Amino acid sequence: NAAPAFAAYLGSTQTVTVNTYTKVQCNTKEYDTNTNYDNATNYRFTPTVAGYYQINGGIFASGTTMTAGIIKIYKNGSAYKQGVVAGANGGANEGMVVNSLVYFNGSTDYVELYGFIAASSGGLFVANIDQTWFNGCFVRSA
């Protein structure tokens with residue numbers, strides 16, 4: 001396939017440790033045109049076609065007395081791009097989104113979605129196709 005694309009979402013609510021970066025386990029595929037998204041073990045996208053890809057992620061987070069939420073794209077195991085919701089003002093829910101154009105070498109490069117909930121307790125990534133999701137598509141070759 002010359003233009004890999006994938007979309008996945010969290011099929012069941014994921015309990016997370018507050019104040020800790022946690023990989024989002026988007027375990028339900030909408031589509032995966034080139035079988036490059038692992039929705040069972042590592043929850044990562046590893047495209048086999050080199051080039052530039054648009055990568056997007058969203059988390060709907062819940063926690064007790066939330067003060068902030070952070071969402072990040074990790075590339076090859078390290079933080080790469082960040083989207084921040086600064087100051088959730090002590091509420092219980094917050095939505096976060098991150099988007100970036102990312103270059104992949106077509107063999108070993110991969111991306112994952114991570115989230116962070118600053119709260120006193122009760123951290124959750126909320127499930128559903130419109131709540132917590134991860135997707136990407138090939139834009140152009142290098």
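Predicted model: local features only at pLDDT ≥ 70, side-chain atom pairs only at ≥ 80, totals over all residues.

Colleague: Where do I start? How many helices and strands does the protein have?

Modeller: Start with the secondary structure: the protein has zero helices and 13 strands. Read from the N terminus, the order of elements is β-β-β-β-β-β-β-β-β-β-β-β-β. The radius of gyration is 15 Å, close to the 14 Å that the globule rule gives for 142 residues, so the protein is as compact as a globular protein of that length. Along the principal axes, the C-alpha atoms fill a box of roughly 45 × 25 × 20 Å.

Colleague: And what share of the 142 residues is buried?

Modeller: Buried residues account for 47% of them. The accessible surface comes to about 6200 Å², and 48% of that belongs to carbon and sulfur atoms. Contacts are worth a look too: among those between residues at least 6 apart in sequence, 72% join residues at least 24 apart.

Colleague: Now the strands. Which strands does E13 pair with, and how do they run?

Modeller: Take E1 (residues 5–9): five bridges join E1 to E13 (residues 133–140), and the two run antiparallel. Within that pair, Ala8 sits opposite Phe134. E7 (residues 51–64) is also antiparallel to E13, with seven bridges between them. There, Tyr53 has Phe138 as its bridge partner.

Colleague: What should I look for on the two faces of a strand?

Modeller: In a regular strand the side chains alternate between the two faces of the sheet. With eight of its eight residues buried, E8 is largely enclosed by the rest of the structure.

Colleague: Which strands are joined to E8 by bridges?

Modeller: E11 (residues 111–118) runs antiparallel to E8, with eight bridges joining them. Ala68 is partnered with Ala118 in that pair. E9 (residues 78–85) is antiparallel to E8 as well, through seven bridges, and Ile71 stands opposite Gly83 there.

Colleague: Can we try a single residue? Is Gly58 buried or exposed?

Modeller: Gly58 lies in strand E7. The cut-off for buried is under 20% relative accessible area, and Gly58 has 1%, so it counts as buried. Beyond its neighbours within four places in sequence, Gly58 is in contact with Ile71, Met96, Val97, Leu113, Gln131, Thr132 and Trp133. Gly58 and Tyr114 are 56 residues apart in sequence, yet their C-alpha atoms are 9.8 Å apart.

Colleague: Last one: what about backbone angles?

Modeller: Most residues other than glycine have a negative phi. Thr35, in the loop between E4 (28–32) and E5 (37–38), has a positive phi near 55°. With a relative accessible area of 66%, Thr35 is exposed. At 46% relative accessibility, Thr65 is partly exposed.

Terms used. Residues numbered from 1 in each chain as written. Heavy atoms only, no water. Pairing = 2+ DSSP bridges. Helix = DSSP H or I, 4+ residues; strand = E, 2+ residues; numbered from the N terminus. Rg over C-alpha atoms; globule rule 2.2 N^0.38 Å. Buried < 20%, exposed > 50% of the residue type's maximum accessible area, 1.4 Å probe, protein only. Contact = heavy atoms within 4.5 Å. Areas by Shrake-Rupley, 256 points an atom, 1.4 Å probe, with all protein chains shown as cover.
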